Amino acid sequence: MKSKITQALVERGPTPERGKSVLHADTEMRGFYLIVTPTKRSFYVQSLVNGKQVRTKLGDHPSMDAKQARDLARKTLVVDFRAILTPVFHPILTPPVGV
C-alpha cells in the first residue's frame, strides 16, 4: 500500500489480522517502508546492493517516531546511493591520467 508515512499512520493505521503483515511504501521517499504486524510497527529502508534487494531495519514504534525514521532513512539511503556511485580504481580498466 502506498501512502506517506506519517505519525498518524503509524499510530492509527489499520492492524492486520493475526499471521499477516501490511507493508506501507512511502510516496515521498523511495525505499522507505513501514511494516505493520498485529504486534508491532517497524521502519525499514530497502535498496539495491550489488544487484540484490536489501532491506534494513531502522527501528520500531514507539521507540522511534515517523520523523526520526524518515530522517534516518534519508541518511541511510543517501549513503547507500553514494556508495554505488563511488568510482572504483581498477588498474586495467581505468585509463592513465592525462591520456
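What percentage of the 99 residues in the protein is buried? Buried residues make up 31% of them, where buried means under 20% relative accessible area, exposed over 50%, and partly exposed in between, with a 1.4 Å probe and protein chains only.

This is a predicted model in which local features need pLDDT of at least 70, side-chain atom pairs count only at pLDDT 80 or more, and totals for chains, interfaces and linings use all residues. Residues are numbered from 1 along each chain as its sequence is written, and side-chain values use heavy atoms, with hydrogens and water left out.

The protein has 2 helices and 4 strands, in the order α-β-β-β-β-α along the sequence. Helices (H or I, at least four residues) and strands (E, at least two) are DSSP runs, numbered from the N terminus.

The largest nonpolar core has 15 residues. Such a core is a set of buried Ala, Val, Leu, Ile, Met, Phe, Trp, Tyr and Cys residues joined through side-chain atoms within 4.5 Å. Among the members that touch the most others are Ile 5, Phe 32 and Leu 58.

Beyond its neighbours within four places in sequence, Leu 58 is in contact (heavy atoms within 4.5 Å) with residues including Phe 43, Met 64 and Leu 72.

Glu 17 lies in the loop between α1 and β1 (22-25). Glu 17 counts as exposed because its relative accessibility is 57%. Its C-alpha atom is 6.3 Å from that of Pro 38, 21 residues apart along the chain.
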